[in-house]
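Let's walk through this structure together, one stop at a time. Have the viewer ready and follow along.

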Amino acid sequence: MKNKALMAVVALWLACTFNTGHAASPAAPLRADPLDSPRWADMRKEMFPASAQVVFDDRVKVTAPLTAENAMNVPVSVDASALPGVREVLVFADFNPIVRIVRFEPSGAHAALGFRIKLQQSTPVRAAVRTADGTWHVGGTWVNTAGGGCTLPSTGSGSPEWQKRLGEVSSRVWARKEGGERIRLRIIHPIDTGLAAGIPAFFLQDLDLADNQGKPLMHIEGFEPIAENPVFTVDIPAARAATAYRVSGRDNNGNAISAAIEK
Amino acid sequence: MTASPRTLSLSRTARSLIAVFALGWTLLLAAADRDYGLSPLRIADDTWVLVGRSEDFSLTNGGNIVNTAFIVTAKGVVVIDSGPSRAYGEQLKRAIARITDKPVSLVLNTHHHPDHFLGNQAFAPDTLAALPATIKSIHSEGGSLNENMYRLAGDWMAGTEPVAPARPLAAGPLEMGGHRLELIALDGHTEADLVILDRSTGVLFAGDLVFNGRTPTTPHADLQHWQAALDQLEKTPFTTLVPGHGPVARDAGPIRQTKAWLAWLDRHLRQAADDGLDMTEVLALPLPAEFRGLAVVDAEYRRSVGQLYPAYEQRALSDERRKP
């Protein structure tokens, strides 16, 4: 019975989705994928519950170079701060062998994050933003690349240096002209996807950014496609600015990361 | 799955027609696609340059974005850089043969970038020479550089394999059939950049230390060393300057232009890192008006930010900056 109900919902959703081309039905103006990706229907199924409200929304800004020569290190910035009540942001790439890239919960920080990723081929890079009402708002951009970024070993895995410095954090805090502060941090970690022969997946799983009183600012859940020695950019609103901050977390092998972020 | 023989059988005539058509088409494509149209330009006594396009590598230009050159001496021809593919190397050799019947006795690779050495296959192995670090880099990176060229230039690369020179060069004078050459070993564009000054004609072959009208490339660059190398070139007397990319010049303008770009890039990236900019924000910054006219400036700026910004970031984030 449950299955039947689920199928009915799916059927209804399919009907809505594929009805958009008909001029005769101006109601339910569900927009087609603005990035026109043949993988979108799969992404919709894989990333969100069938019952979830999912809309394309220009207020979700994903910035990345249209052409990325170095598929091992593609810069991406996500900014959803134009949306009210952001609960979580899930970043994914339709055509990556490992689709999920990073998930973050901006509990006190701006709903924005800068980071770098590995891509295997040209793909849409999307951010899905869940707001307080449960709706997922999706924005994104295409990145063209010759690819190969996911199946190559990290340069770190071939050098002994990272083993001595694994988890080492360097960071800095800036006052922003528009008020508030910016934190940038870099973590020494080889980050292997597990897709290069003989090298197991090794990646940052959890990072928590808090002020020096322990009040949370952002939780970051990393996946395999984050680039080696990751650099994150986080903006803190003036109301949450503190005299110092702290980052803590761990990778999928249980190695701890813990560092004070001082001005 | 089995197919019935009937569905697969075509009449003999049809098969012959298809075969003839396919063969003709293949020959046509092969003949039409792979001609670089190389035409040597005489720039001084005994000295010719083949000027490439001021573009990115593409399926259309087949990698011919580079300047190669040759000097016809009494003791044979000295070739400076062999081009981006086997086909280019072979066509360069034929272009030389149209001008002189002297054999090629020396092929110099100015550095290890693919458009400067992937034509090596066309020349006798014992004529190939380069600085030791260049030879080492061709050995270690030649394979991946070659693969990347297949991706960028496609069909033009057919049959190309990396060949590392066996003969290491040392800086200093080199007398070649009446031409007093000076080999100058510098670095900065790559780990080893060979510059050749022909004291007999006053021609300075600067390799990729100097770009003219085209934005410099930086995949292996050390901006400080590169600027120091250009300071040295600016003091070198010459009458004709052959840059690695872009038209031949009669003055030091291209040296100053390359230096101005590198100095700006260095300052710009340092400032951006000190201001705490994310890489996507650096990519979005406007370029100064003085560089807007350089060929492929947007693409090279984007590549340079990707290649160089992480090191500037690292410096800005590290404790080093706190020290006086």
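Predicted model: local features only at pLDDT ≥ 70, side-chain atom pairs only at ≥ 80, totals over all residues.

Is B:Ala153 buried or exposed? A residue counts as buried when 20 or more other C-beta atoms lie within 10 Å of its own. B:Ala153 has 26 C-beta neighbours inside 10 Å, so it counts as buried.

Which residues does B:Ala153 touch, once those up to four places away in sequence are set aside? They are B:Phe57, B:Ser58, B:Leu59, B:Gly62 and B:Gly63, together with B:Pro84 and B:Ser85. Take B:Phe57 from that list: 96 residues separate it from B:Ala153 in sequence, yet their C-alpha atoms are 6.4 Å apart in space.

Staying in chain B, let's turn to a pair of helices. Two packed helices are described by the angle between their axes and the distance between the axes. For helix 7 (residues 253–274) and helix 9 (residues 297–317) of chain B, the angle is about 50 degrees and the axes are 9 Å apart. That angle makes helix 7 of chain B oblique to helix 9 of chain B, and the crossing of the two is right-handed. On the helix 7 side of chain B, the contact is made by B:Leu265, B:Leu269, B:Arg270, B:Ala273 and B:Asp274. Facing them from helix 9 of chain B are B:Ser304, B:Leu308, B:Tyr309, B:Tyr312, B:Glu313, B:Arg315 and B:Ala316.

Now move over to chain A, where strand 14 (residues 244–251) and strand 15 (residues 256–262) run antiparallel and are joined by seven bridges. One of the pairings links A:Ala244 to its bridge partner A:Glu262 in strand 15 of chain A. The two strands form a hairpin with four residues between them, and A:Gly254 in the turn has a positive phi of about 85 degrees.

Finally, let's see how the chains meet: 21 residues of chain A are in contact with 14 residues of chain B. On the chain A side, the elements giving two or more residues are strand 3 (74–79), strand 6 (112–117), strand 9 (169–175), strand 10 (181–187) and strand 13 (231–236). Strand 9 of chain A supplies the largest share of that side, with four residues. The chain A side as a whole divides into seven nonpolar, eight polar and six charged residues.

Key. Residues numbered from 1 in each chain as written. Chains lettered and ligands numbered in written order. Contact = placed C-beta atoms within 7 Å. Nonpolar A, V, L, I, M, F, W, Y, C, P; charged D, E, K, R; others polar. Axes fitted to C-alpha atoms, helices over the stretch in contact; angles between N-to-C directions. Parallel < 35°, antiparallel > 145°, perpendicular 65-115°, else oblique. Left-handed = near helix turned anticlockwise from the far one by under 90°. Pairing = 2+ DSSP bridges. Buried ≥ 20, exposed ≤ 12 C-beta atoms within 10 Å, placed from the backbone.
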